[in-house]
Amino acid sequence: MSDRTRRPRRPRRRLSGEVLAGLLALVVLVAGGVGVAVVQSGNPLNVRGAATAPPWGRPATDQLETRAAAAGLENVWGQDLAMHVHTHLSITVDGQAVTVPGDIGHDSDAKFAAEIHTHDTSGIVHVESPTRETFVLGQLFSEWDVALDGQGVGSLGHDDGLELHTFVGGSPYTADPAGIPLRDFERIDLVLAPIGETVTAPPAFAWPADYR
């Protein structure tokens with residue numbers, strides 16, 4: 001397995017509401033006569049993660065704030081939430097499941113919870129935010145400190161004889177997976193398989209009853 005180098009990028013800083021209003025296009029969703037502004041959070045193609053091989057552990061507690069900032073996120077612990085979304089992520093490498101660790105972007109003792117975080121190793125990704133925004137998969141990987149692009153995950157890719165196949169809701173997704181929006185009860189599957197091998201989506205995730 002070989003490391004794939006990535007050109008370092010400057011971390012995205014959070015902008016004020018006035019600046020966002022001037023720079024970002026707002027999509028207005030009308031529900032019950034109330035307009036809700038939804039903005040794009042972060043640059044989906046600017047994943048700031050390490051090109052390392054699995055297993056990919058959870059970053060240390062003292063790195064929570066740093067990794068969240070790298071993903072354009074911040075600590076929203078205790079704030080009133082405007083959205084709460086659950087997305088399931090699975091990663092498979094040559095037929096073997098890779099664990100998505102618990103407490104990415106989260107620590108109860110430290111009272112830290114970024115807008116995107118995990119609680120356990122189920123692969124369920126929580127999006128909890130005091131503002132309605134479109135969060136994307138690339139932000140989770142920046143927070144996790146794992147590289148992701150259209151060619152591979154971490155250090156794994158063509159140099160290892162592996163090709164990345166992405167599925168969203170069981171259907172092939174051909175764009176950069178870093179830009180996949182995290183939507184409620186969506187499932188995202190990243191499958192690294194030998195180049196040239198026919199690949200199908202993994203079985204659908206069975207959501208626990210308490211999530212419904």
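Rings of Phe, Tyr and Trp (its six-membered ring) form an aromatic pair if their centres lie within 6.5 Å; planes under 30 degrees apart count as stacked, over 60 as edge-to-face and the rest as tilted. This is a predicted model, in which local features need pLDDT of at least 70 and side-chain atom pairs count only at pLDDT 80 or more, while totals for chains, interfaces and linings use all residues. Residues are numbered from 1 along each chain as its sequence is written, and side-chain values use heavy atoms, with hydrogens and water left out.

**View 1. Tryptophan 56 and tryptophan 144 form an edge-to-face pair.** The structure holds 5 aromatic pairs. In this one the ring centres are 6.1 Å apart and the planes stand at 85 degrees. The pair links distant parts of the chain, 88 residues apart: tryptophan 56 lies in the loop between strand E2 (34-40) and helix H2 (64-70), and tryptophan 144 in helix H3 (residues 137-144). Helices (H or I, at least four residues) and strands (E, at least two) are DSSP runs, numbered from the N terminus. Tryptophan 56 has a relative accessible area of 5% and is buried (under 20% relative accessible area, with a 1.4 Å probe and protein chains only).

**View 2. Phenylalanine 141 and tryptophan 144 form a tilted pair.** Their centres are 5.3 Å apart, with 50 degrees between the planes. The two residues are 3 apart in helix H3, so about one helical turn separates them.

**View 3. Four aromatic residues form one cluster.** The members are Phe185, Phe205, Trp207 and Tyr211.

Conventions: Buried means under 20% relative accessible area, exposed over 50%, partly exposed in between (1.4 Å probe, protein chains only).
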